[in-house]
Amino acid sequence: MKKSLIVVAVLAACAGMAHAQTVTQTPSSMTIYGTFDDGVFKRTGGPLSVGKRDNNKLGFRGVEELGNGLSALVNLEIRFEPDTGSVENGVRPLFQGQSRVGLRGGFGTLRLGRGLSAFEEAVLPFEPWSAVPSVAGFLTDLQVAGYTCDPLSVSGNSGNRISHALFYNSPMLYGFQLNANVASKQPNGSPVIIGRGTAANPQFGANSAAIVVPYSLSLTYLDGPLSGMGAVERNAAGTTFWSVAAYLYPLSALKLLASRQGQNQERNVLANPVTKAWLVGANYTLGAGKLLLGYGMKSPEGAAKTRQASLGYQYYLSNRTYLYVDASTKRLPVAPVLSYASTMNFYSLGVHHNF
Amino acid sequence: MKKSLIVVAVLAACAGMAHAQTVTQTPSSMTIYGTFDDGVFKRTGGPLSVGKRDNNKLGFRGVEELGNGLSALVNLEIRFEPDTGSVENGVRPLFQGQSRVGLRGGFGTLRLGRGLSAFEEAVLPFEPWSAVPSVAGFLTDLQVAGYTCDPLSVSGNSGNRISHALFYNSPMLYGFQLNANVASKQPNGSPVIIGRGTAANPQFGANSAAIVVPYSLSLTYLDGPLSGMGAVERNAAGTTFWSVAAYLYPLSALKLLASRQGQNQERNVLANPVTKAWLVGANYTLGAGKLLLGYGMKSPEGAAKTRQASLGYQYYLSNRTYLYVDASTKRLPVAPVLSYASTMNFYSLGVHHNF
Amino acid sequence: MKKSLIVVAVLAACAGMAHAQTVTQTPSSMTIYGTFDDGVFKRTGGPLSVGKRDNNKLGFRGVEELGNGLSALVNLEIRFEPDTGSVENGVRPLFQGQSRVGLRGGFGTLRLGRGLSAFEEAVLPFEPWSAVPSVAGFLTDLQVAGYTCDPLSVSGNSGNRISHALFYNSPMLYGFQLNANVASKQPNGSPVIIGRGTAANPQFGANSAAIVVPYSLSLTYLDGPLSGMGAVERNAAGTTFWSVAAYLYPLSALKLLASRQGQNQERNVLANPVTKAWLVGANYTLGAGKLLLGYGMKSPEGAAKTRQASLGYQYYLSNRTYLYVDASTKRLPVAPVLSYASTMNFYSLGVHHNF
């Protein structure tokens with residue numbers, strides 16, 4: 001009798017401990033971070049406007065040390081429009097920036113969720129405007145030239161993120177790093193896309209599955225005055241994209257940049273599927289700031305080229321905050337012939353704050 | 001003259017103080033917390049997919065000590081889809097997890113807002129998968145069997161939360177705790193619901209008020225190797241739901257679980273309004289992990305039963321992070337006769353991280 | 001040879017430093033803050049309801065000290081519905097409260113983005129309910145009388161914020177402060193607005209640009225028992241609004257308030273464009289709480305007046321948390337004649353918590 005009571009008491013205590021164990025948590029180590037960028041701009045034919053130069057984000061980042069060099073990582077990044085307070089573009093998902101969870105260890109970093117493709121993750125230091133989406137920058141319109149990582153996602157979706165995906169970054173080895181993403185083929189709420197079909201018989205019906213496994217691969221070398229990268233991607237609709245880029249510091253104050261890109265949409269368009277682009281640029285430390293220079297060209301096969309030249313200056317109030325001024329001019333095609341047509345000029349002035 | 005100047009000066013000082021008092025704040029004690037769960041899964045007939053096993057959340061929690069054992073509580077919990085970055089299901093409210101404010105003291109906890117019903121709040125330790133919404137778990141499809149707490153809210157709304165409500169939790173007394181919610185009958189933007197009506201004359205027009213006062217009550221006993229709970233709910237459309245459940249720790253490493261549930265939709269459907277379900281399961285500590293086992297059955301009156309068996313393992317990297325693997329099989333009805341039809345198998349592998 | 005190797009090594013080191021410099025960040029100083037207000041209310045003809053008295057918000061605020069008295073400021077403020085967990089009104093932008101970035105220094109504060117107009121920013125201490133949007137308060141229905149700061153923004157947009165704007169606050173000088181906003185004329189996704197046009201030929205088509213430069217100016221004096229403010233605004237559709245207000249502390253426990261407002265919609269309506277309003281009120285410290293009193297009248301030109309009397313009490317549990325009770329009665333016009341018609345009574349009881 002007494003023994004059984006003791007057994008019950010011990011079991012009760014153990015049960016209590018076992019239950020308690022599941023709710024104990026070490027304190028959270030979440031960090032809030034972000035970027036707020038806003039300014040005044042004017043483009044040819046448009047009104048004097050207030051708007052952003054860079055993407056705006058509010059992020060939450062956590063790291064848990066698991067021992068033996070292993071960490072758990074989590075990252076959630078809101079993207080927003082600074083002048084209306086809405087989510088990015090008014091329609092994008094709440095955590096447009098990224099939503100990923102994973103583990104980091106000796107094997108590298110392995111994450112699941114949604115985030116920048118391996119190319120987009122690598123390209124930032126190889127673009128003279130650090131890949132900001134401003135008209136003055138070269139990434140969106142020239143380098144990527146309308147290519148989208150995730151064409152079979154919901155309407156308004158970002159063009160440079162991969163959904164329902166695995167993300168791998170290797171450890172750095174002699175300055176080299178391999179980055180690889182692969183996504184599932186599962187449907188993700190896409191609208192009807194005509195593609196190589198017709199309005200009556202579109203290539204992709206609503207909520208289509210991927211026709212190939214989407215992936216992105218990039219290899220970077222970031223260890224010296226001369227650095228480089230190469231990347232190749234294939235999206236859910238079968239469009240392929242590639243990029244090679246390099247930068248050089250001939251002087252500590254001067255960074256020279258060059259890149260070449262191409263895409264092939266032959267699985268999605270009926271004619272002239274290839275577009276190529278190139279870019280040269282420089283960053284030069286000048287006083288408490290940095291001068292930005294760039295010139296590039298986009299050449300869609302069988303259609304007119306777009307040429308762009310940009311000049312900017314970033315004046316650093318701190319390593320987190322700078323004021324900027326940009327001027328850019330773009331020669332745009334108006335007809336599908338090999339001529340240059342109307343010119344679009346762009347000027348902006350604003351503040352960029354990382355927090 | 002001088003006196004009146006002194007009076008004015010004193011009044012000015014007092015006014016300043018009185019005004020200042022309303023803006024002084026003690027430092028905030030907000031805690032950021034959450035869950036990020038993502039993995040790879042495959043179900044019969046579906047593609048290899050990337051998706052969640054548990055709900056994903058990012059929460060903000062605050063406690064202010066008011067003295068005399070009284071505290072003010074606030075809780076706001078974002079729910080999101082890990083693989084698209086959108087809010088849960090793409091349409092749910094931002095703070096789908098919960099949004100509540102209230103006071104805690106000797107009388108218990110009294111809160112206002114929106115949150116889990118008293119049943120849903122109590123059921124977690126009585127389900128072998130800790131009530132995760134995965135296909136491998138038993139809560140959503142079997143135990144609750146399609147019952148929804150809040151049928152007259154906006155389209156896409158959660159099925160296990162109560163809006164426009166008061167939430168009460170009693171203090172623990174000899175291991176017992178009483179939890180009670182009551183919601184207002186106010187309309188909350190519901191779509192048209194046919195219910196016992198017809199398409200031309202639906203039971204509930206758009207933005208209908210509740211036809212009864214919605215409530216949820218649960219009583220839990222959580223103080224020993226044998227714990228139990230009982231709950232009863234009624235939603236805004238008059239559907240009732242009940243649940244009884246227990247768990248036992250015969251060994252400190254072994255938890256045995258059993259529950260029985262039922263709902264009655266007689267105020268909303270024309271025939272066969274009753275559905276019942278039962279479930280047995282076990283959790284067993286094995287190495288650095290926990291083995292999960294469950295078997296259950298849902299029996300809709302006058303229709304075929306659904307049977308489900310699941311097996312899982314959670315490997316703990318820490319008390320906040322585990323890897324999991326699940327296998328589950330479900331016998332599904334295809335016609336409203338008492339037979340079992342097609343089998344759906346489900347496999348998943350992923351990571352669960354609390355932060 | 002050796003020299004050139006040394007040069008390369010130095011360049012490499014400098015390049016590394018230059019690159020590293022752009023990614024170093026001082027730790028973030030973001031503060032999480034907010035308000036959660038919820039209660040029970042009843043209005044004539046309506047059901048007993050659960051709902052808010054004040055706006056509910058969750059904000060993120062950062063300050064970076066830049067040296068020489070200069071700071072960078074960032075502010076992002078979510079607004080939400082406490083009883084459904086959705087963003088404010090279910091349709092408003094995520095950061096409805098505000099989204100602004102800027103600099104503060106000896107020159108004052110200069111910010112860009114979206115936020116309260118200079119009038120709305122100044123009016124808070126001049127309204128007896130501190131400008132809460134409750135039916136018991138006077139700001140929304142009486143003082144502002146339907147005037148909206150931002151009529152050419154997306155549907156459901158807030159009436160008291162300015163988008164795509166510059167915000168300036170002067171330093172305090174002898175108790176005086178000047179606040180000024182100016183917005184761009186750029187289109188911001190507005191729906192069709194008939195205005196002075198017809199359904200077939202509306203005054204404003206979808207996504208119209210502003211017809212005038214929107215601005216708001218306010219001057220406050222907040223340094224003594226007698227304080228005052230004056231403000232004037234013009235919105236994107238050309239409607240003008242003005243306000244003058246004062247408060248006095250005849251005793252340190254007693255604050256008396258009075259204000260007068262008017263708007264002129266002659267550029268947007270065909271007849272009777274002018275509406276005026278006045279308000280008197282008091283706050284009186286009573287025990288651990290504050291008694292609120294107010295009486296006001298709105299007089300639309302050529303239409304019936306609305307009169308409102310309110311009585312409330314706020315009981316402070318701390319300087320961050322209070323319980324409140326309100327009673328209010330409003331005489332509403334039913335026909336466009338100078339008579340008073342149906343009476344709407346309103347009662348509420350709830351909790352207000354700042355965090």
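Q: How many residues does the contact take from chain C and from chain B?
A: The contact takes 39 residues from chain C and 42 residues from chain B. Contact means heavy atoms within 4.5 Å. This is a predicted model: local features need pLDDT of at least 70, side-chain atom pairs count only at pLDDT 80 or more, and totals for chains, interfaces and linings use all residues. Residues are numbered from 1 along each chain as its sequence is written, chains are lettered from A in the order written, and side-chain values use heavy atoms, without hydrogens and water.

Q: What area do chain C and chain B bury between them?
A: About 3300 Å², with 71% of it on carbon and sulfur atoms. Buried area is the accessible area (1.4 Å probe) that two parts lose on being put together, summed over both.

Q: Which residues in chain C lose the most area to chain B?
A: Phe36(C), Val50(C) and Arg320(C), together 17% of what that side buries.

Q: And which side chains meet in a salt bridge?
A: Those of Arg320(C) and Glu64(B), at 4.0 Å, N to O. The rule (side-chain nitrogen of Lys or Arg within 4 Å of a carboxyl oxygen of Asp or Glu) finds one salt bridge across this interface of chain C and chain B.

Q: Switching to the core. Which residues touch the most other members of the largest nonpolar core?
A: Phe60(A), Phe60(B) and Phe60(C), out of 51 residues. Such a core joins buried Ala, Val, Leu, Ile, Met, Phe, Trp, Tyr and Cys through side-chain atoms within 4.5 Å; buried means under 20% relative accessible area (1.4 Å probe, protein chains only).

Q: What does Phe60(B) touch?
A: Its contacts include Phe60(A), Phe60(C), Ile32(C) and Leu58(C), leaving out residues up to four places away in sequence. From chain B, Val74(B) and Ile78(B) are among them.

Conventions: Buried < 20%, exposed > 50% of the residue type's maximum accessible area, 1.4 Å probe, protein only.
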